[in-house]
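Keep the viewer open as you read.

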Amino acid sequence: MNSANSAPDQRPLKLGTRRSKLAMAQSGHVADAVRALTGRPVELVEITTYGDVSRENLAQIGGTGVFVTALRDALLRGEVDFAVHSLKDLPTAQPAELALAAIPRREDPRDVLVARDGMTFEQLPDGARVGTGSPRRMAQLNHYARQLGKSIETVAIRGNVDTRIGFVRSGELDAVVLAAAGLNRVGMSAEVTDFLSVDNVLPAPGQGALAIECTADNADLIAVLGELDDPHTRAAVTAERSLLAALEAGCSAPVGALADLLADGQVVNEMRLRGVVGTTDGSTLVQLSTTGSVPQSYDEALALGRELADEMLAKGAAGLMGERAL
């Protein structure tokens with residue numbers, strides 16, 4: 001191949017990312033992987049989203065899509081070649097003109113506690129002030145505290161990882177709850193004082209997973225990015241997001257879900273999907289699970305999520321989500 005033909009392959013690929021420290025760390029990992037796959041330079045293009053500049057509570061500004069729309073607009077205008085999102089921020093309906101080219105292997109999906117004096121959740125004093133901006137976390141944390149025979153005060157907070165941990169360091173809050181994956185990606189996992197078991201606190205649908213998106217007509221790039229896709233992660237998060245969609249809930253609703261693969265020795269043979277919906281005060285939760293064979297297609301993963309959502313709705317889940325209509 002002569003140099004005239006090979007020259008276009010060295011055009012830098014532009015990767016759209018939010019500006020936060022966490023988003024930049026996530027996108028940096030993806031950029032490294034794409035460079036290794038293609039041999040082409042990858043440039044990070046920082047894009048400010050509405051969710052980054054608004055100081056309103058996420059549940060009030062709609063939650064769904066506020067961190068995503070500006071990145072998608074940049075893709076559609078051709079300003080960037082591909083974009084990296086936290087999967088839990090993506091609306092459940094995928095636009096036809098964009099392709100979810102890869103969902104890489106998932107990080108730890110759990111929520112974690114960062115508390116003063118190295119405390120675990122069970123060691124928190126009665127009436128402890130615990131910061132989180134998530135109705136899902138509030139519902140489950142309050143319920144968990146009730147099970148332990150105490151009450152906590154959940155305090156709505158916003159801000160990046162450093163800001164949130166700062167509330168604990170300053171003594172304003174006793175603890176904050178964050179995603180393990182985010183702390184791992186920014187190298188701050190040493191701050192964690194307690195990993196919250198998914199038996200007590202189910203994560204947000206798709207938590208810990210990244211979504212790599214490009215335009216649907218860019219077949220060459222879709223093929224390259226597809227090398228980063230993890231089929232098990234994709235099946236799991238598809239089932240979780242299907243549950244969320246079937247409950248007709250956005251990413252700011254008090255819905256938790258986790259699909260995990262059950263192995264017999266080295267052979268993965270089943271997938272268990274767990275879901276929870278609750279009132280933010282933790283007084284009422286609907287928590288159910290279903291187990292089936294590992295989905296072999298997108299449609300099978302969707303069906304697993306819908307099936308569990310139907311069972312949860314039959315148990316009264318819809319009534320518990322009324323608070324999302326703010």
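Is Asp117 buried or exposed? Asp117 counts as exposed, because its relative accessibility is 65%. The classes are these: buried means under 20% relative accessible area, exposed means over 50%, and partly exposed lies in between (1.4 Å probe, protein chains only). Asp117 is found in the loop between S5 and strand S6 (128–131). Its phi is positive, about 60 degrees, although Asp117 is not a glycine. Most residues other than glycine have a negative phi.

Some ground rules come next. This is a predicted model, in which residues are numbered from 1 along each chain as its sequence is written. Local features need pLDDT of at least 70, side-chain atom pairs count only at pLDDT 80 or more, and totals for chains, interfaces and linings use all residues, while side-chain values use heavy atoms, with hydrogens and water left out.

Now the whole chain. The protein chain has 11 helices and 13 strands. Helices (H or I, at least four residues) and strands (E, at least two) are DSSP runs, numbered from the N terminus. Of the 326 residues of the protein chain, 51% count as buried. Contacts reach across the sequence too. Take those between residues at least 6 apart in sequence: 72% of them join residues at least 24 apart. Contact here means heavy atoms within 4.5 Å.

Ile212 sits in strand S10 (residues 210–215). Ile212 counts as buried because its relative accessibility is 0%. Leaving aside neighbours within four places in sequence, Ile212 is in contact with a list of residues including Val30, Phe82, Val84, Leu100, Pro104, Leu225 and Leu228. Val84 comes up again at Ser27. That serine lies in helix H2 (residues 21–38). Ser27 is also at 0% relative accessibility, so Ser27 counts as buried. Not counting residues up to four places away in sequence, Ser27 touches Leu15, Thr17, Leu44 and Val84.

Move on to helix H6 (residues 161–169). Which of its residues are buried? They are Val161, Arg164, Ile165, Phe167 and Val168. These residues cover an arc of only 140 degrees around the axis, so they are on the same side of H6. The arc is that of the directions from the helix axis to the C-beta atoms. What covers the buried residues of H6 includes strand S5 (111–115), strand S8 (175–179) and helix H7 (180–185).

Ala181 is found in H7. Ala181 is buried, since its relative accessible area is 3%. The C-alpha atoms of Ala181 and Pro109 are separated by 6.4 Å, with the two residues 72 apart along the chain. Beyond residues up to four places away in sequence, Ala181 touches Glu107, Asp108 and Gly208. Gly182 is buried, with a relative accessible area of 8%. Gly182 and Leu22 are 160 residues apart in sequence, yet 6.4 Å apart in space, C-alpha to C-alpha.

The C-alpha atoms of Leu262 and Val294 are separated by 8.8 Å, and the residues are 32 apart along the chain. Leaving aside neighbours within four places in sequence, Leu262 is in contact with Val267, Val268, Asn269, Glu270, Arg272 and Thr291.

Finish with a helix pair. The axes of helix H9 (residues 231–246) and helix H10 (residues 298–314) come within 7 Å and cross at roughly 40 degrees. That angle makes H9 oblique to H10. Axes are lines fitted to C-alpha atoms, for helices over the stretch in contact, and angles run from 0 to 180 degrees between N-to-C directions. Angles under 35 degrees count as roughly parallel, over 145 as roughly antiparallel, 65 to 115 as roughly perpendicular, and the rest as oblique. In H9, the residues meeting H10 include Ala235, Thr238 and Leu243. Their partners in H10 include Tyr298, Arg306 and Met312. By class, the contact of H9 with H10 has 12 nonpolar, 3 polar and 1 charged residues. Ala, Val, Leu, Ile, Met, Phe, Trp, Tyr, Cys and Pro count as nonpolar, Asp, Glu, Lys and Arg as charged, and the others, Gly among them, as polar.
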